[in-house]
Amino acid sequence: MSPRAGQAGHPPRTLAFVESPVQLLNVLEWAHLHGLHGASPDPLPSVPAQVRRTVAEGPPRTDAELTVVVLAPTDPMTRGQLRRMADLARDEGHRVRWEEARGGTTAPFATIGGLAGPLRRADRVVMGDPFSRYVQLLLTITRARELVVVDDGTATMEFVAQLARGERLVRWHRKGGRPGARDVLFAPVSSSARRRLTPSAGRRVEVFSSMPVTETPEGVTVTANDFAWTRRRFGPPRITKGADMVGTSLVETGVVDGDHYLEAVRTLAKTHGATRYFAHRRESTDKLHRLAAETGLEIVRPDLPLELIARRGPIGRTILSFPSTVVHTLPLALVGTGVRVAVCDIDPTWLTETASPRAQGFLSGVTGTARGVHRLETVAVGLA
């Protein structure tokens, strides 16, 4: 923990903004590595969890060094996982502030207005998604001298590369398309956020990541995330003889054709004897119903990020995945357990006509830079 962040004799006031369960998990990993102390032990251990949660969301826990602000999404699956992760953060002694940031037309104004004071007082701001328009707006308010970006999956790789090249911040699966009207209107805020995320004499920037960083922006500190908190907190897991499969939202983001994806899942499951399919939180219900009906796989909707689910167990001896964040994170979370992570590349013929021109190269890079995984041959998909 940098002593420069706070006033002499006082711990730095750290404010973290998260919008997904994985972001919150990585904030906890970052806090563990940097030794941020939580509040004193919960004085109400015999009170039911729901009641304890209400108490925790009431009076501020002034002895906590880290306050996590959840900018709640509307998706029920994501909200459920975030609430579980928020409970884990409170168990670690950190303060959690839940904001219904998308709860109606006036919600963003109320959220930003309510956070203006804490943002101006914060010595350090931690964020999980620098591409988020919400986060970029909040960055225009803060005076923090330390900014930290924790992993938001493979998007972190693209963020670091764009920052190093001085490019505008655009998500990889949208890059190459024409900016929309909202993009044009928001461009000044995005440019301001990029400038604030560029280190200077009065501002330190850290990237905390388990992803491979090949282009390091000048002055940015890159710290490795090895999932030490996850391994200390959970497991080791019970290992089953079979294989499990990890789902992806590449269909939902318009990158991969749905029929090709379904056929690839069916072929992989049959070849490797997979019985369970751990759904990505953004996968549509209709797609999952079709997968269950046509592949025979048991669809599992995890209530926590997959790194924690796998570490708790039981988990298959082999985990099958397409290019995604987990091909980098699961080998770290499961180190020493004997579990093999195997990844199947995306065939170019599976891509949709509207997929970004960069999609194939980016996805190949996700697989090619993963350490400790077994690469599978791309499965042949024959569609009538």
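Helices (H or I, at least four residues) and strands (E, at least two) are DSSP runs, numbered from the N terminus.

This is a predicted model: local features need pLDDT of at least 70, side-chain atom pairs count only at pLDDT 80 or more, and totals for chains, interfaces and linings use all residues. Residues are numbered from 1 along each chain as its sequence is written, and side-chain values use heavy atoms, leaving out hydrogens and water.

Seven strands form an open sheet, ordered 3-2-1-4-5-6-7, with parallel pairing. Two strands pair if DSSP finds at least two bridges between them. Strand 3 (95–99) and strand 7 (221–224) are the edges, each pairing on one side only. Strand-to-strand twist averages 20 degrees. Five bridges join strand 5 (residues 146–150) to strand 6 (residues 204–209). Val149 has Val207 in strand 6 as its bridge partner.

Helix 4 (residues 107–121) also packs on the sheet. Helix 4 touches strand 1 (14–18), strand 2, strand 3 and strand 4 (124–127), where contact means heavy atoms within 4.5 Å.

Last, the lining of the largest cavity. Residues there include Phe17, Leu119 and Thr142. Strand 4 and helix 5 (133–139) each give two or more residues. Helix 5 gives the most, with three. A cavity is a set of points on a 1 Å grid over the protein atoms alone where a 1.4 Å probe fits but cannot get out; lining residues have an atom within 4 Å of a point.

Key. Axes fitted to C-alpha atoms, helices over the stretch in contact; angles between N-to-C directions. 1 Å grid on protein atoms, 1.4 Å probe; cavity = no way out; pocket = protein on both sides within 12 Å on 5 of 7 lines; lining within 4 Å.
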